[in-house]
Amino acid sequence: MTGNHYEKDSNKLRFFDDDGYRQRAACICVRNQHEDEILLITSHRDKSSWIFPGGGVEPNESTIDAAHRELYEEAGAKGRILRELGVFENLERKHRTTVFVVYVEEEYDDWDDKRLIDRQRHWYKLKDAFSLLRIYKPSQLTFLEQFISTSPNHINLLHQISS
């Protein structure tokens, strides 16, 4: 099949690019100018696993819109995009994920995934977030490495990770 297309998968339409990769968007969320605290959420598959908010791009939705929607649905938060980190390819799962850095401006006490699947969110120091991703979602470490290298505070962040 050539060209961008949609396929129905478990009652959701999934957007695929020309190469057959599922299009996704994800957020690395910060809450201060130092960018030294990161918001992680529990995985819907394993409640003890911590990951970045993100998910599939829906029909007629941009990756930016998908990032905002996923952040609200999964983490009960809203914010503004500070920068795009790029598109990360997962060959094993045939995903291409556009990752954004988001400054969180609002957090809600009640949100869809908290009610429906008891999803949790937590702010972690960068070093702790790095350790959790190394254990639970190593494929997202490349997002974090790019985040650090593009941060205005990258020297301090590198020091935090290495200490």
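I began at aspartate 118, which is placed in the loop between helix H2 (112-117) and strand E9 (121-125); helices (H or I, at least four residues) and strands (E, at least two) are DSSP runs, numbered from the N terminus. The model is predicted: local features need pLDDT of at least 70, side-chain atom pairs count only at pLDDT 80 or more, and totals for chains, interfaces and linings use all residues. Residues are numbered from 1 along each chain as its sequence is written, and side-chain values use heavy atoms, with hydrogens and water left out.

**Positive phi**

I noted that aspartate 118 has a positive phi of about 55° although it is not a glycine. Its relative accessible area is 49%, so I recorded aspartate 118 as partly exposed (buried is under 20% relative accessible area, exposed over 50%, partly exposed in between, with a 1.4 Å probe and protein chains only). I then looked up glutamate 35, a non-glycine with a positive phi of about 55°, in the loop between E3 and E4. Glutamate 35 counts as buried because its relative accessibility is 4%.

**Helix packing**

I checked H3 against H4: their axes come within 10 Å and cross at roughly 155°. Axes are lines fitted to C-alpha atoms, for helices over the stretch in contact, and angles run from 0 to 180 degrees between N-to-C directions. H3 and H4 are therefore roughly antiparallel (under 35 degrees is roughly parallel, over 145 roughly antiparallel, 65 to 115 roughly perpendicular, the rest oblique). Leu126, Phe130, Leu133 and Arg134 of H3 make the contact with Leu141, Leu144, Phe147 and Ile148 of H4; contact means heavy atoms within 4.5 Å.

I turned next to H4 (residues 141-150) and H5 (residues 154-162), which pack at about 135° with axes 7 Å apart. These two helices are therefore oblique to each other. I listed Phe147, Ile148 and Ser149 from H4, and His154, Leu157, Leu158 and Ile161 from H5, as the residues in contact.

**Nonpolar cores**

I examined the largest nonpolar core, of 23 residues, in which Ile28, Ile38, Leu40, Phe52 and Phe147 touch the most other members. Such a core is a set of buried Ala, Val, Leu, Ile, Met, Phe, Trp, Tyr and Cys residues joined through side-chain atoms within 4.5 Å. Elements giving two or more residues to this core include strand E3 (22-30), strand E4 (37-42) and helix H3 (126-136).
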